[in-house]
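Take a moment to look over the sequence and the model before reading on. The text below goes from the whole chain to single residues.

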Amino acid sequence: MKTMTCKQLGGPCDLALSGKTANDVIKAQDRHLKEVVAGGDQTHESALKEMQGRWKNPIAGMGWYRKAKRDFAALPEG
């Protein structure tokens, strides 16, 4: 298992998100953003909009995705 924070993935907070793969952590970030915005947290709204908008521009979205995967791979096992 490895851990990245919401902030490392483009969000505003230091919530730790853990997973066995980069995709696990990215999916946890997606759930986190949706949950806190649905709960009224406005500080996460821009990160949620960015996350949703990444796939409207696939080239830029893939750049973010590859970077997140590289950053995850560089983390020590924890």
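Predicted model: local features only at pLDDT ≥ 70, side-chain atom pairs only at ≥ 80, totals over all residues.

Residues are numbered from 1 along each chain as its sequence is written, and side-chain values use heavy atoms, with hydrogens and water left out.

The chain has three helices and two strands; helices (H or I, at least four residues) and strands (E, at least two) are DSSP runs, numbered from the N terminus. Read from the N terminus, the order of elements is β-β-α-α-α. The radius of gyration of the chain is 12 Å, close to the 12 Å that the globule rule gives for 78 residues, so the chain is as compact as a globular protein of that length. That radius is taken over C-alpha atoms, and the rule is 2.2 Å times the number of residues to the power 0.38. Along the principal axes, the C-alpha atoms fill a box of roughly 35 × 30 × 15 Å.

Of the 78 residues, 33% count as buried. Buried means under 20% relative accessible area, exposed means over 50%, and partly exposed lies in between (1.4 Å probe, protein chains only).

The largest nonpolar core has 17 residues, and those touching the most other members are Met4, Cys6, Leu9, Leu17, Val25, Leu33 and Phe72. Such a core is a set of buried Ala, Val, Leu, Ile, Met, Phe, Trp, Tyr and Cys residues joined through side-chain atoms within 4.5 Å. Helices H1, H2 (45–54) and H3 (58–74) each supply at least two residues of this core, and H1 gives the largest share, five residues. In soluble globular proteins, nonpolar side chains tend to be buried together.

Leu33, leaving aside its neighbours within four places in sequence, is in contact (heavy atoms within 4.5 Å) with Cys6, His44, Ala47, Leu48 and Met51.

Not counting residues up to four places away in sequence, His32 touches Cys6, Cys13, Leu15, Leu17 and His44.

Arg31 lies in helix H1 (residues 22–38). Arg31 counts as partly exposed because its relative accessibility is 48%. The C-alpha atoms of Arg31 and Met51 are separated by 11 Å, and the two residues are 20 residues apart along the chain.
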